[in-house]
Amino acid sequence: MPKRTTKKNSTTTLKQSKQPDGPPERNFFEDVWDVVRLIPKGRVSSYGAIANYLGTRMSARMVGWAMNASFHAHIKVPAHRVVNRNGMLSGKHHFSTPTLMQELLEKERIQVKDDTVVNFEKLFWDPAKELGL
DNA sequence: TTGTTGACCTCTT
DNA sequence: CAAGAGGCCAACA
């Protein structure tokens with residue numbers, strides 16, 4: 001397989017991606033929020049897993065942005081259950097308090113050691129796997 | 001309007 | 001084994 005010529009199509013300016021008639025509430029963010037909301041209590045997930053479930057594993061970055069927007073969302077999103085691939089609480093600093101994320105996790109019987117979820121592999125909740133892809 | 005940054009992940013050198 | 005670069009889409013300056 002030839003390596004992907006990541007040339008980035010500069011000509012694909014894309015369209016406005018804004019449909020005047022279509023439902024505007026169909027963003028990448030809402031999908032992320034929906035998946036995160038489905039995360040059972042006491043479980044944790046990763047950005048990559050969610051992105052993969054959505055179909056774009058490369059867009060893991062956007063998942064993080066979605067979390068940031070989750071605070072502005074009208075829906076309650078357990079962003080503390082989402083961590084990076086290493087199980088580290090990367091976004092703890094973005095909470096109201098840097099320790100809030102850890103506190104919330106501990107409240108759900110999730111042990112956090114050194115900003116890292118203990119037994120992350122066991123507590124890991126893969127949407128594509130649990131939801132059946 | 002363009003350009004840069006961002007709670008990431010994966011491959012390559 | 002460690003470090004670097006590439007890629008995704010959206011918000012902010």
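This is a predicted model: local features need pLDDT of at least 70, side-chain atom pairs count only at pLDDT 80 or more; totals for chains, interfaces and linings use all residues.
A polar contact is a pair of N or O atoms within 3.5 Å. Chain A has six helices and four strands, and 17 of its residues surround DNA strand B.

**Overall build of chain A**

- Along the sequence, the secondary structure elements follow the pattern α-β-α-α-β-α-β-β-α-α.
- Chain A has 133 residues, and 32% of them are buried.
- Of the contacts between residues at least 6 apart in sequence, 65% join residues at least 24 apart.

**The surface near DNA strand B**

- Among the 17 residues around DNA strand B, the closest are Arg61, Trp65, Phe71, Arg85 and His94.
- Arg85 also makes a polar contact, in which one of its polar backbone atoms is 2.5 Å from a phosphate oxygen of DNA strand B.
- For Asn68, a polar backbone atom is 3.5 Å from a base nitrogen of DNA strand B.
- Two elements give two or more residues to this surface, namely helix H2 (47-54) and helix H3 (60-70).
- H3 supplies the largest share, with seven residues.
- By class, the residues near DNA strand B are eight nonpolar, seven polar and two charged.

**Helix H1 against helix H2**

- Helix H1 spans residues 28-37, and its axis comes within 10 Å of the axis of H2, the two crossing at roughly 115°.
- The crossing of H1 past H2 is right-handed.
- From H1, the residues in contact are Phe28, Asp31, Val32, Val35 and Val36, and from H2 they are Ile50, Tyr53 and Leu54.
- Seven residues of this contact are nonpolar, none is polar and one is charged.

- Arg81 lies in the loop between H3 and strand E2 (82-83).
- Arg81 counts as buried because its relative accessible area is 10%, under the 20% limit.
- A polar atom of the Arg81 side chain lies 2.7 Å from the backbone oxygen of Ile39.
- Beyond four places in sequence, Arg81 touches Ile39, Pro40, Lys41, Arg43, Val44, Ser45, Leu105 and Glu108.
- Ser45 belongs to strand E1 (residues 45-46).
- With a relative accessible area of 0%, Ser45 is buried.
- The side chain of Ser45 has a polar atom 3.1 Å from the backbone oxygen of Trp125.
- Outside the four places on either side in sequence, Ser45 touches Arg81 together with Ile39, Ile50, Val82, Val83, Phe124, Trp125 and Pro127.

**Met67 in helix H3**

- Met67 is in helix H3.
- Its relative accessibility is 6%, so Met67 counts as buried.
- Leaving aside neighbours within four places in sequence, Met67 is in contact with Val32, Trp33, Val36, Tyr47, Val77, Ala79 and Val82.
- Met67 and Val36 are 31 residues apart in sequence, with their C-alpha atoms 9.2 Å apart.
- Val32 and Val36, both in contact with Met67, are also among the H1 residues that meet H2.

- Asn52 is found in helix H2.
- Asn52 counts as partly exposed because its relative accessibility is 45%, which falls between the limits of 20% and 50%.
- Asn52 and Ala128 are 76 residues apart along the chain, while their C-alpha atoms are separated by 7.6 Å.
- Leu100 lies in helix H4 (residues 100-107).
- Leu100 is partly exposed, at 27% relative accessibility.
- The C-alpha atoms of Leu100 and His80 are 8.5 Å apart, for a separation of 20 residues in sequence.

Key:
Residues are numbered from 1 along each chain as its sequence is written. Chains are lettered from A and ligands numbered from 1 in the order in which they are written. Side-chain values use heavy atoms; hydrogens and water are left out. A residue is near a molecule or strand if one of its heavy atoms lies within 4 Å of it. A polar contact is a pair of N or O atoms within 3.5 Å; within protein, one must be able to donate a hydrogen and the other to accept it, and residues adjacent in sequence count only if both atoms are side-chain atoms. Ala, Val, Leu, Ile, Met, Phe, Trp, Tyr, Cys and Pro count as nonpolar, Asp, Glu, Lys and Arg as charged, and the others, Gly among them, as polar. Axes are lines fitted to C-alpha atoms, for helices over the stretch in contact, and angles run from 0 to 180 degrees between N-to-C directions. A crossing is left-handed if the near helix is turned anticlockwise from the far one by less than a right angle, and right-handed if clockwise. Contact means heavy atoms within 4.5 Å. Buried means under 20% relative accessible area, exposed over 50%, partly exposed in between (1.4 Å probe, protein chains only).
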